[in-house]
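This report concerns the nonpolar core and the helix packing of one protein model. Please consult the sequence and structure shown below.

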Amino acid sequence: MHIPDGFLDARTAAATAAISAIGLGLALRRVRRTLPPRRIPLIGLAAAFIFAAQMLNFPVAGGTSGHLIGAVLAAVLLGPSAAILALSAVLILQCFMFADGGVTALGANVFNMAILAPTVGYGVYRFAARITGGGLRSRLFATAFAAWCSTVAAAVAAAAQLALSDAVAWKFAFPAMAGIHMLIGMGEAGITA
């Protein structure tokens, strides 16, 4: 799902970079206030696991690739703010060390997979867990459904960014990204649950 260099126009790249910087700043501030110091190493542990899980890439139309995100797993275990930090660290490392996603598109990739995915996923998880009960089965279902939703949400955001940049028409980007990631989301749901 990483967007490579050259696919986003300057306006979209700059806007997503600014939004991502603000999101990272807010997440960092919240983690400092709410996460006990003894749990801070868990952010690194989550990042290491997610990094390994994201090494499995699947090609997707329009010049992008798709992979497991791990956003809901991290958000349910550590909270959405800590998940944002863990996923951002993974994406930054992948960008600079492995050229997975472009430097100019880093803000968009961070927004899609490190900010939007855990935020949407955690919101869906909380809502689904509340309406389905609260037992173990309910939480597992809520986790799986949230993981699927977060994957599709990130893919749709990437499609929108590509369409806004005139890299590919929305009528092609949306079905390509959403359709493939609905399938990838099922795998993510199973692994996350």
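Which residues have the most contacts inside the largest nonpolar core?

## Basis of the model

This is a predicted model, in which local features need pLDDT of at least 70 and side-chain atom pairs count only at pLDDT 80 or more, while totals for chains, interfaces and linings use all residues. Residues are numbered from 1 along each chain as its sequence is written, and side-chain values use heavy atoms, with hydrogens and water left out.

## Nonpolar cores

Met 1, Ile 3, Leu 8, Ile 43 and Ile 69 have the most contacts inside the largest nonpolar core, which has 40 residues. At least two residues of this core come from each of α1 (10-34), α2 (40-53), α3 (71-78), α4 (80-98), α5 (106-132), α6 and α7 (170-192); α4 gives the most, with 9 residues. A second, separate core of 9 residues includes Val 72, Ala 142, Ala 146 and Ala 147.

A nonpolar core is a set of buried Ala, Val, Leu, Ile, Met, Phe, Trp, Tyr and Cys residues joined through side-chain atoms within 4.5 Å. Helices are DSSP runs (H or I, at least four residues), numbered from the N terminus.

## Thr 151 in α6

Thr 151 is found in helix α6 (residues 136-164). Because its relative accessibility is 0%, Thr 151 counts as buried (under 20% relative accessible area, with a 1.4 Å probe and protein chains only). Beyond neighbours within four places in sequence, Thr 151 is in contact (heavy atoms within 4.5 Å) with Met 1, Ile 69, His 181, Ile 184, Gly 185 and Glu 188.

## Packing of α6 and α7

The axes of α6 and α7, lines fitted to C-alpha atoms over the stretch in contact, come within 7 Å and cross at roughly 155°. The two helices are therefore roughly antiparallel to each other (angles over 145 degrees, on a scale from 0 to 180 between N-to-C directions).

Terms used
Buried < 20%, exposed > 50% of the residue type's maximum accessible area, 1.4 Å probe, protein only. Parallel < 35°, antiparallel > 145°, perpendicular 65-115°, else oblique.
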